[in-house]
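Here is a friendly walk through one protein model, from its charged pairs to its sheet and its core. Please keep the 3D view open as you read.

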Amino acid sequence: MDWEKSPVGTEQMGARISVLPESLRPIKDAVLALAAAGVWIEGGPEGPLLAGARPDIAPFAYDIVLFAPLSASKLEAYQTRHEFRLPKPLLEILSHVNGGVLFDIKLYGAPPSIATDSPSLDRSRRLPLNIASGRYWRSSYAGADTADVLIASRNVGDAGQVGYFMDGNGRIIGRGNGSSDAPNMCGPWAGVGDWLSAEMA
């Protein structure tokens with residue numbers, strides 16, 4: 001696997017996070033808070049940005065992993081290929097951060113290698129969890145509206161998990177997987193900024 005990483009200077013880091021919109025400020029703030037301990041890019045200039053190394057968990061674990069954004073044309077190709085339409089607020093997120101790790105939250109994305117005419121999952125590098133697969137994972141969470149898109153998840157305790165669902169207007173609600181470790185419901189939040197501020201804290 002291509003796990004080679006290169007340290008990122010202040011200017012290069014700034015270039016990657018300065019373009020994040022106000023709704024993603026909690027992500028920007030988290031990277032800046034972790035920057036003193038080192039920030040890296042993995043696998044080349046378009047690879048994921050890494051911050052907050054966690055060798056206590058695993059050699060390649062980080063508090064923050066931000067995948068490079070996808071272009072509008074690649075996002076459209078991904079939706080067409082998977083016959084899966086994403087809410088406009090979610091497309092806005094993916095055009096700045098194509099999924100990642102936000103401490104305990106796994107933010108789903110669109111793996112670029114399966115947005116092509118001949119899709120195949122590239123297992124040689126780190127990739128975001130596939131947001132289109134959320135259609136099949138959603139059955140783990142009771143009470144989720146079938147029109148909402150599963151955009152992220154977070155493990156809670158030994159067996160609990162919270163799935164975060166977005167509706168067409170960008171509103172987010174968390175649903176538990178039925179374990180006693182997970183709440184039945186959390187939120188709702190009016191948008192991604194409110195959600196990230198609450199759950200990344």
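Which residue forms a salt bridge with R54? In this predicted model, the partner is D56, with the closest N and O atoms 2.7 Å apart. R54 is partly exposed, its relative accessible area being 27%, whereas D56 counts as exposed at 57%.

**Charged pairs**

As background, side chains of opposite charge can pair when their charged atoms come close. Searching the whole structure turns up six salt bridges.

| Salt bridge | Closest N and O atoms |
|---|---|
| E22 with R25 | 3.0 Å |
| R54 with D56 | 2.7 Å |
| R85 with E76 | 3.2 Å |

E22 and R25 also belong to a network of salt bridges that links them with D29. In the pair formed by R85 and E76, E76 is partly exposed, with a relative accessibility of 37%.

**The sheet**

Now turn to the strands. Ten strands form an open sheet with antiparallel pairing, in the order β1-β2-β3-β4-β5-β6-β7-β8-β9-β10. On average, and ignoring direction, neighbouring strands are turned by 25 degrees against each other.

For a look at one pairing, take β8 (residues 160–166) and β9 (residues 172–176): they run antiparallel and are joined by five bridges. Here G163 stands opposite R175 in β9.

**Helices against the sheet**

Helix α2 (residues 25–34) lies across β3 (49–53), β4 (62–66) and β5 (100–102), and runs at about 130 degrees to β4. Helix α6 (residues 192–199) also packs on the sheet, where it touches β5, β6 (105–107), β7, β8, β9 and β10. The direction of α6 makes about 140 degrees with that of β10.

**The nonpolar cores**

Which residues touch the most other members of the largest nonpolar core? They are I64, L90, L102, I131, I151, Y164 and W195, in a core of 51 residues. Strand β7 (residues 149–156) supplies the largest share of this core, with five residues. There is also a second, separate core of six residues, including W40, Y62, V65 and V101.

Definitions and conventions
Residues are numbered from 1 along each chain as its sequence is written. This is a predicted model: local features need pLDDT of at least 70, side-chain atom pairs count only at pLDDT 80 or more; totals for chains, interfaces and linings use all residues. Side-chain values use heavy atoms; hydrogens and water are left out. A nonpolar core is a set of buried Ala, Val, Leu, Ile, Met, Phe, Trp, Tyr and Cys residues joined through side-chain atoms within 4.5 Å. Buried means under 20% relative accessible area, exposed over 50%, partly exposed in between (1.4 Å probe, protein chains only). Helices (H or I, at least four residues) and strands (E, at least two) are DSSP runs, numbered from the N terminus. A salt bridge is a side-chain nitrogen of Lys or Arg within 4 Å of a carboxyl oxygen of Asp or Glu. Two strands pair if DSSP finds at least two bridges between them. Axes are lines fitted to C-alpha atoms, for helices over the stretch in contact, and angles run from 0 to 180 degrees between N-to-C directions. Contact means heavy atoms within 4.5 Å.
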